Structures are given as structure tokens and as C-alpha cells.
Amino acid sequence: LQEETAEPVHYESKYATKWTTQFTQLRKRASWVYYRSREYVVVRGLVIIIFAGVFGTAYWDMQYHKEDIWLRQSFCYTTTFYVGLTFLISGITVLMGQRVSFYREKAAGMYSSNMYGLAYMLAEVPYLTLNVIAFLAIVYFASNVGDSLQRAFEHFLPFYLFIIMCTFLSHTITAISPNYEIANAP
């Protein structure tokens, strides 16, 4: 048996690189993970288009009467809720596949957990934006929700923020769950 004479590696900081380098590298990797997850991106896009068709026809050409206020409220709630729930559930699968490398790199002191989470959240924003715009472009005009750009934005902003919240909630659930079965438990 040999004696260990080598000193362990020590860094001046807790991590091997500064946070900007960590974020840049993790952002590139997260973008590639989503880009290579074609099934995830395409299926999510197809589900959004199917939901847009279903909700667009269900609320086809709504009229502006006081009696229709419940119809409009149900339109806003159901479209937002179902799309948000879809994004919440579908995000867990891709993120669970990255847990092994996350634990390995965290143990090695390569990346901060905060940079890891931030990079994966920001990598998802372009896909979210495209899906939300595609959904609302179909549903907004099919259901006659409004007649001006201001009304379109008033519908877009809460919808977009809720979808982002649901997607980031799936990131959080993945981070705190010990395994896939518990993360997807009803």
C-alpha cells in the first residue's frame, strides 16, 4: 500500500469557476438538452395546438353581453388551468433525466445549485413563449375574446405568467423530490 502524500485540491472559492462561467456553461448545456429533447418539444407543441383547437371551438365566437360574463370567466380559467397543468406535468420528465449529472457536478464543486436552476429555467423560456403565442393566436381569434391589441395583451400577460409559474413549479418539484414516482404522484 502506498501512503497518500498528495494534498487535496483546494479552490479559493467554494466552486471551481466564478458564477458567470458556471451560468454560461450550464445555459449552453440546458439549451442543448431541450433542443435534443425533440419528443418533449414537439409533443408539447402538438398538445398546445390541439388544446387551442378544442378551446377555440368550444368558445367559438363569444359575444359581448352582460349575461356572458360567466362564459368569459370560465374561458379564462379553463384555458389557463389546463395548459398550465400540461406544462407542469410534462416538465418533470426532462428534468429528472438531468438529476444524475446535477448530483455528480454538485459533489465535485463544479456548479452552484442556484446557477443550475436558473440556467434550466431560462433555457425553457423561448419554448414557453412560442407555445403560448401559438396557443393564444388560435384561441384568441377563434373565440372572439377581444377586438384590440390592448385586450390581446391583457389576456396574454396573465396567461403567460401562469404558464411560466407552472413550468418553474415543475422545476421546483423535480428539485425537491427524491425520485420520479414521488414527483409525479397525484
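## Close-up views of a predicted model

**View 1. The largest nonpolar core.** Val83, Phe135, Phe159 and Ile163 touch the most other members of this core, which has 19 residues. At least two residues of the core come from each of the helices α2 (38-58), α3 (69-96), α5 (113-143) and α6 (149-176). The largest share, six residues, is that of α5. The model shown here and in the other views is predicted.

View 2. Leaving aside residues up to four places away in sequence, Phe159 touches Thr79, Thr80, Val83, Val132, Phe135 and Leu136.

**View 3. Trp32 in helix α1.** Helix α1 covers residues 19-36 and contains Trp32. Trp32 has a relative accessible area of 47%. This residue therefore counts as partly exposed, a class that lies between 20% and 50%. A distance of 34 Å separates the C-alpha atoms of Trp32 and Phe141, which are 109 residues apart along the chain.

**View 4. The largest pocket.** The volume of this pocket is about 340 Å³. Its lining is made of 15 residues, and Phe102, Tyr116, Gly117, His171 and Ala175 lie nearest the centre. Helices α4 (99-107), α5 and α6 each supply at least two lining residues, with the largest share, six residues, coming from α5. Seven lining residues are nonpolar, seven polar and one charged.

**View 5. The second largest pocket.** This pocket holds about 250 Å³ of space. Twelve residues line it, of which Cys76, Val145, Arg151, Glu154 and His155 lie nearest its centre. Helix α6 gives the most to the lining, with five residues. By class, the lining has seven nonpolar, two polar and three charged residues.

How values were computed
Residues are numbered from 1 along each chain as its sequence is written. This is a predicted model: local features need pLDDT of at least 70, side-chain atom pairs count only at pLDDT 80 or more; totals for chains, interfaces and linings use all residues. Side-chain values use heavy atoms; hydrogens and water are left out. A nonpolar core is a set of buried Ala, Val, Leu, Ile, Met, Phe, Trp, Tyr and Cys residues joined through side-chain atoms within 4.5 Å. Buried means under 20% relative accessible area, exposed over 50%, partly exposed in between (1.4 Å probe, protein chains only). Helices (H or I, at least four residues) and strands (E, at least two) are DSSP runs, numbered from the N terminus. Contact means heavy atoms within 4.5 Å. On a 1 Å grid over the protein atoms alone, a cavity is a set of points where a 1.4 Å probe fits but cannot get out, and a pocket is an open set with protein on both sides within 12 Å along at least five of seven lines; lining residues have an atom within 4 Å of a point. Grid points are joined across faces, edges and corners, and a volume is the space filled by probe spheres set on the points. Ala, Val, Leu, Ile, Met, Phe, Trp, Tyr, Cys and Pro count as nonpolar, Asp, Glu, Lys and Arg as charged, and the others, Gly among them, as polar.
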